[in-house]
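Here is a note for a colleague who is meeting this structure for the first time. The points below may be read alongside the sequence and the coordinates.

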Amino acid sequence: MSNRNTLYLGLGAALLASVAMPASADPIFNRIASFAVADNLPKDADKSKPTSSEIITVSGDGKTLIYSDSPYGSIGFIDITDPAKPQAGGIIKVEGEPTSVAALGDTVFAAVNTSKDRANPSGRLDIIDIASRKVVSSCDLGGQPDSVAISPDQTFAAIVIENERDEEINEGALPQMPSGNLKVLALKDGAADCAGMKTVELTGLSEIAPQDAEPEFVSINKDNLIAVTLQENNHIAIVDAATGKIVNHFSAGTVDLDKIDVKNDGALKFDGSMKGVLREPDTVKWLDNDRFVIANEGDYKGGSRSFSIFSKDGKLLYESGPSLEWKMAEAGHYPDKRNKKGVELEGAEVGKFGDTNYLFVASERASLVGVYKDNGAEPQFVQLLPSGIGPEGVLAIPSRNLLVTANESDLVEDGGARSHVMIYELKEQQPNYPQIVSTTKDDGTPLGWGALSGLVGDLKEPGKLYAVSDSFYYASPSIFTIDAKQAPAKITEALTVKRGGQAAQKLDIEGITTDGQGGFWLANEGDQAKLVPHAILNVNDKGEIKKEIALPEELLPNQTRFGLEGITRVGEGDDAVLWMAIQREWKDDEKGFVKLLAYNVKDKSWSAVSYPLDKTENGWVGLSEITAHDGQLYIIERDNQIGQKAAVKRLYRIALDDLKPAKIGDKLPVVTKVLAHDFMDDLKASNGYVVEKLEGFTIDSDGNGYAVTDNDGVDGSSGETLFFSVGKVQATN
């Protein structure tokens with residue numbers, strides 16, 4: 001059934017579009033490695049349970065990363081002697097829930113929550129020797145700790161005691177006693193003076209719940225001034241580390257947001273607004289002795305989706321508003337299901353690399369890091385970096401030109417990605433992400449997109465492609481025009497698929513092909529439970545549906561929700577035959593075999609062949625795309641696995657002359673497939689984990705092959721869309 005020895009596929013640059021990336025005038029960051037923290041677990045550990053990498057730090061020599069793993073109750077170590085090849089350094093279990101870490105030379109200070117419940121908070125600070133992986137001493141903190149910071153001169157440690165609220169009580173409303181506070185410890189030769197620990201009370205400062213301070217994050221400047229964010233209180237305090245005195249405090253204020261998406265409605269529409277939104281800062285980092293940046297997560301009342309720069313005297317120096325969110329939306333990372341709070345900028349970091357001060361801002365929900373140059377005034381945007389799911393910790397290591405993110409989310413229980421630590425390097429190079437972005441509209445807002453599920457090339461113009469989005473954007477089914485000659489590729493237009501003049505409902509578009517008359521044929525994947533029909537649609541150049549053709553009745557009794565995943569056209573006009581791929585076995589299929597359906601446009605008849613699927617040890621294997629080119633049908637076959645378990649991400653071809661489809665209901669002939677290309681190296685080329693959904697493939701009018709992955713609308717995914725060329729596609733016999 002399968003032959004793997006008679007095909008030539010010319011390859012271009014695996015990860016990039018078919019044109020070369022422009023030379024970079026300045027150094028930029030690229031991801032060089034990813035490390036799944038589950039790989040750090042002991043051999044006898046249950047790896048089906050969630051792990052995490054939340055806050056991350058590095059040893060004094062810059063060669064060992066240390067992270068807090070709250071769900072596993074451990075501190076993890078990663079050897080980055082070679083940062084491009086991180087090695088497992090093991091873990092140590094601690095009694096409690098580690099919430100933060102900060103390193104000082106060969107020592108790690110780990111905050112550990114030991115609270116029995118939120119009403120009775122407790123915790124301690126464990127001092128851990130990196131070399132021996134042992135706790136050498138501990139300090140009782142008298143409450144539930146969160147953030148930890150070490151002063152630049154290594155003479156003080158500051159620990160936030162959050163005593164966090166219970167979101168299940170009174171809908172999480174403040175106050176919820178006891179209040180949190182700040183602990184300050186003097187350090188000498190790396191040892192903490194637990195007996196001399198100062199407690200800085202933070203009550204009575206904020207306008208919001210002043211009796212219940214909820215400190216979140218801490219940072220110390222070179223003058224040993226401690227900046228503390230009180231997230232739910234929307235407040236900031238400045239504390240002198242030496243005396244423990246509050247030298248200033250002020251409200252984080254509010255922000256007016258215009259041109260944002262405010263509705264979870266299955267469409268990306270940046271036409272809403274929110275006024276007077278509380279910033280509610282999470283991470284704080286000093287930019288210098290006088291300025292600091294806050295990442296405004298807006299987790300309590302807010303949705304501020306911004307970052308801000310303040311002076312230590314409380315003056316607002318810069319407010320990003322939704323500008324970074326727009327850039328993330330242009331990269332296809334906007335989380336529509338979270339749009340009340342937007343991308344939730346949570347993590348931040350600063351670092352001086354050479355003569356350049358960089359500022360990094362991480363989005364928990366878009367799973368991206370924005371990189372800026374800090375020039376002392378308005379930050380200069382540099383680039384976006386792809387992260388794992390839910391970046392929480394961001395760490396700059398300027399001595400090695402490295403940046404590191406710790407990604408909190410672990411979706412193993414849902415069959416998703418594990419928590420990862422990701423490493424980036426700064427040097428003169430071409431950026432390898434994003435690989436596809438959208439244009440900015442005339443009003444300054446992004447052309448929203450995501451969940452790309454099918455591709456087709458323009459009939460005449462090389463490098464011009466069309467893509468469709470799937471049912472994630474159920475209220476805005478769209479056909480996107482892509483200019484693949486640019487780098488990154490550019491989505492230049494979005495055409496809404498309409499029925500009766502309105503955006504069509506009950507669509508899950510998984511495939512697209514041209515109709516030869518300026519319009520398109522679309523493949524709609526049905527789901528009987530959602531009343532979505534298995535069908536093919538013919539739309540004109542205005543996106544209007546002109547024909548809706550249901551699958552034949554004799555097929556439907558055996559239907560499942562895994563329906564049409566691609567469509568392509570062979571022939572012209574009334575002589576055309578449309579070929580479609582069914583993703584997985586239907587009830588009348590032999591296990592391991594799926595149907596390729598054929599529809600004759602002239603006589604409206606249906607026929608089919610049987611396609612043999614590859615086998616894999618994990619999960620299932622199915623089809624994701626079908627495209628005709630030069631006498632061949634090219635088909636994407638993939639498994640539903642990610643990361644190290646991913647095994648099948650392949651392109652097969654079938655000679656059209658060998659296709660002899662049978663009538664529906666008759667015995668279907670089994671086709672012979674030939675391996676055309678294995679996409680695994682392409683999916684690894686940006687040094688992230690292998691994503692699951694390789695969904696689209698097409699060949700343009702010059703014979704160049706292009707592939708794209710589906711990012712699920714950033715719902716429980718990293719949000720990464722990989723778009724790349726495989727160069728000239730040729731089949732030889």
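This is a predicted model: local features need pLDDT of at least 70, side-chain atom pairs count only at pLDDT 80 or more; totals for chains, interfaces and linings use all residues.

1. Arginine 418 counts as buried, at 16% relative accessibility, where buried means under 20% relative accessible area, exposed over 50%, and partly exposed in between, with a 1.4 Å probe and protein chains only. Arginine 418 is found in the loop between β32 (402-407) and β33 (420-427); strands here are DSSP runs of E with at least two residues, numbered from the N terminus.

2. Residues are numbered from 1 along each chain as its sequence is written, and side-chain values use heavy atoms, with hydrogens and water left out.

3. Which backbone oxygen does the side chain of arginine 418 reach at 2.9 Å? That oxygen belongs to lysine 49, and a polar atom of the arginine 418 side chain also lies 2.7 Å from the backbone oxygen of lysine 47. Both are polar contacts, meaning pairs of N or O atoms within 3.5 Å, of which, within protein, one must be able to donate a hydrogen and the other to accept it, and residues adjacent in sequence count only if both atoms are side-chain atoms. Leaving aside residues up to four places away in sequence, arginine 418 touches several residues, among them Ala38, Pro50, Thr51 and Asp410, where contact means heavy atoms within 4.5 Å.

4. Lysine 460, by comparison, is exposed, with a relative accessible area of 75%, and lies in the loop between β35 (452-457) and β36 (464-469). Its C-alpha atom is separated by 32 Å from that of valine 691, which is 231 residues away along the chain.

5. How many disulfides are there, if one is defined as a pair of cysteine sulfur atoms within 2.5 Å? The count is one, formed by cysteine 139 and cysteine 194 with their sulfur atoms 1.6 Å apart. Cysteine 139 lies in strand β11 (residues 134-140) and cysteine 194 in the loop between β15 (191-192) and β16 (198-201), so the pair ties together parts that are 55 residues apart in sequence. The torsion about the S-S bond is about -50°, so this disulfide is left-handed. Cysteine 139 is buried at 1% relative accessibility, whereas cysteine 194, at 28%, is partly exposed.

6. Strand β10 (residues 123-129) is mostly covered, with six of its seven residues buried. Two strands pair if DSSP finds at least two bridges between them; β10 is joined to the antiparallel strand β9 (residues 107-113) by seven bridges, with threonine 107 having aspartate 129 as its bridge partner. β10 also pairs with β11 in the antiparallel sense over six bridges, and arginine 124 stands opposite aspartate 140 in β11. The strands β10 and β11 form a hairpin with four residues between them, and arginine 133 in the turn has a positive phi of about 60°.

7. A further region to inspect is an open sheet of five strands, in the order β45-β46-β47-β48-β52, with antiparallel pairing. Its edge strands, β45 (564-570) and β52 (662-663), each pair on one side only. β45 and the antiparallel strand β46 (residues 577-582) are joined by six bridges, and isoleucine 567 has methionine 580 in β46 as its bridge partner.

Conventions:
A disulfide is a pair of cysteine sulfur atoms within 2.5 Å.
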